[in-house]
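Please go through the sequence and the coordinates shown here before reading the report that follows.

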Amino acid sequence: MKILLVEDDEVLITVLTKSLTAQHYIVDVVKDGETGWTYGATFEYDLILLDIMLPKLDGIRLCQRFRAEGYTTPILLLTAQNSCTAKVNGLDAGADDYVVKPFDAPELIARIRALLRRSQVNSFPLLTWGDLLLNPSTCEVSYNSQPLTLTNKEYELLELMMRDSQHLLSADEILDRLWSSDEFPSEATVRSHIRRLRQKLVAVGAPADFITTVHGRGYCLKAQEPQGEDPSEVTTSSEMEPLNPLSEVTGIIGDRSSEQQAQYLAFLNQLWSTSKSQCLEQLGILLHVLQSLQSGTCNQQLQTQAQQTAHKLAGTLGTLGLTLGMQLAHQLEGLLGSQLPMPVQRVEMLSALLLALEQAIQNTNSIHHAPAAAIASIAPSSSPVGDSNMGTKVMIVDDDIEYLRSLPQLLEPWGFSVTTLADPLEFWSVLEAMSPDVLVLDVNMPQINGIELCQALRNNLTWRRLPVLFLSIMTDMNTQNLAFSAGADDYLCKPVVGKDLANRILNRLKRVSAWVESY
Amino acid sequence: MPTKRILIVDDEESIQIVVQFGIQMTTDWVVLAASSGSKGIQMARTERPDVILLDASMPEMDGIATFHALHSYPETAEIPVIFLTAKAQTSDQKKFSDLGVSGVITKPFNSLYLPDRIVKLLDWSL
């Protein structure tokens, strides 16, 4: 978010700039009203902080000029004048808020956040996009409850994309919005930040195209899957079922007419009017648990109950068409799975999420979209590649626990029996116990890395012929060469689609069985 | 051919209502509802539905315990069960798969399309 500070007091400029940049705002500073007009009319700002007593053009007249010319940028006036008249004059001139000097920096920042919320499409105190959560008040970002450590610019870039999720942002627009007017970075800088941001998102389980590039036009956040659809489950379904899964029932049950859809939406709205209070009651339970977490009196049973409540609330809100509420409740569910005692930052995030969820429920008076038509449904016994994979044992070693959790889901629909291991120190005991048919290894792991494990396997008479595939975020040729030198049979880069991983495993197994048959 | 009878077992009344509305709007199936595992078992034993839609997480007697109980009665052991759950985790999917359920439908869902999903999962010919 970019702020124009129009202030001629050097000390205040230093203090304000420091406070604002600490909150990840980009700040342009000008010291007189006329330059303030030039900057405000030339560049795009999310907010203007305007002192009243300025040389050349005072803040009141500058504010009036902005409004007369049709600029709707939020304006917050700063002044030493505490009289009622001064405040009225300022607000009547078109200012959105008025802060009297001396002021508390935290209060000023909170007022800025409030003004920025009002001017955004998303007026909730938290920003969410699928499993991504950004808290502007604490500058914390998480993906599927996994915290993300971002540089200032990466944070600002992500916040910009989440706030402006409705349209593509070109490199020029990003440069304009995220760098101050006296900096001149190039488009390559933007590309570099996007690349690093993508890597960090992928490392916590986001898809590689979470930030989508539209060549020649710009960047945006990937449109979220329709509710109730998990990409891996959709992949599964598309492998298992005909392209039109409704084909065999067309004419029996029939398609859904727009009239039926409209009736369904009307029904959801009617139901919401009675369900809203029940959802708020469930929220009350969660608030009670939050209080016990804050006071350190929460026990595991209470936390587990709260987690289950959040889980059910997510299901109900989603089924009623409240997507934001569902996402927030899922985030809560994830956080409530933390071990006790819960770290302070997590409790704070929990508090912010509950506040946002309460607002989401309270502020929803009507539902505009029913949940999407597609329903994720899993028939556990189906195997798209055929029953020949049944019983093939795959062992996956990766210290990234969250990523590890997603892999069996990708492979089991193909009939593989998957064992996962997060601690490479347990490798040999688990290997002996499971006796897998193929091994999938991450490269970078603590204590012992995947390449060392592969080398050890190749030096072991019992396991030297075990097919080994590497699955890593490292895309450089050097790492790949090291892996193949250590005896790897294949190397894939994260993230990976289930079908690709399954096919590579199968190909490797076919090669092994062909080799065995030839002997 | 007699029409299908669906039993929804979910402690959330709103989910029961959504399921009933969607199914009855698009089919002539009969929808029965129970708000707990124990009531669901009782109803299944007396009504003998063609399928049970079972919420995975319910207080007192959760979906898995209810499923096991259904299997212990000869009159309900063969009734197909489809679990309803919000955003199934991998460990939950494996758990349900190992149980031998006929399918899992994740919330949220648009219940206008529930009949299609049920027909597909159970391979009903209508």
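For residues 374-388 of chain A, how many contacts beyond four places in sequence does the model have? The model has 44 such contacts there, while pLDDT stays under 50; pLDDT is the predictor's confidence in each residue, from 0 to 100, and contact means heavy atoms within 4.5 Å.

This is a predicted model, in which local features need pLDDT of at least 70 and side-chain atom pairs count only at pLDDT 80 or more, whereas totals for chains, interfaces and linings use all residues. Residues are numbered from 1 along each chain as its sequence is written, chains are lettered from A and ligands numbered from 1 in the order in which they are written, and side-chain values use heavy atoms, with hydrogens and water left out.

Chain A averages a pLDDT of 80, and 86% of its residues score at least 70. Two of its segments are tabulated below.

| Segment of chain A | pLDDT | Contacts beyond four places in sequence |
|---|---|---|
| residues 226-254 | under 50 | 49 contacts |
| residues 374-388 | under 50 | 44 contacts |

In chain B, Asp55(B) lies in strand β3 (residues 51-55), strands being DSSP runs of E with at least two residues, numbered from the N terminus. The unreviewed UniProt entry places the feature "modified residue: 4-aspartylphosphate" at Asp55(B), although such annotations may be inferred rather than shown by experiment. Asp55(B) counts as buried because its relative accessibility is 2%, buried meaning under 20% relative accessible area with a 1.4 Å probe and protein chains only. Beyond its neighbours within four places in sequence, Asp55(B) is in contact with residues including Lys312(A), Asp10(B), Asp11(B) and Lys107(B).

Terms used
Helices (H or I, at least four residues) and strands (E, at least two) are DSSP runs, numbered from the N terminus. Buried means under 20% relative accessible area, exposed over 50%, partly exposed in between (1.4 Å probe, protein chains only).
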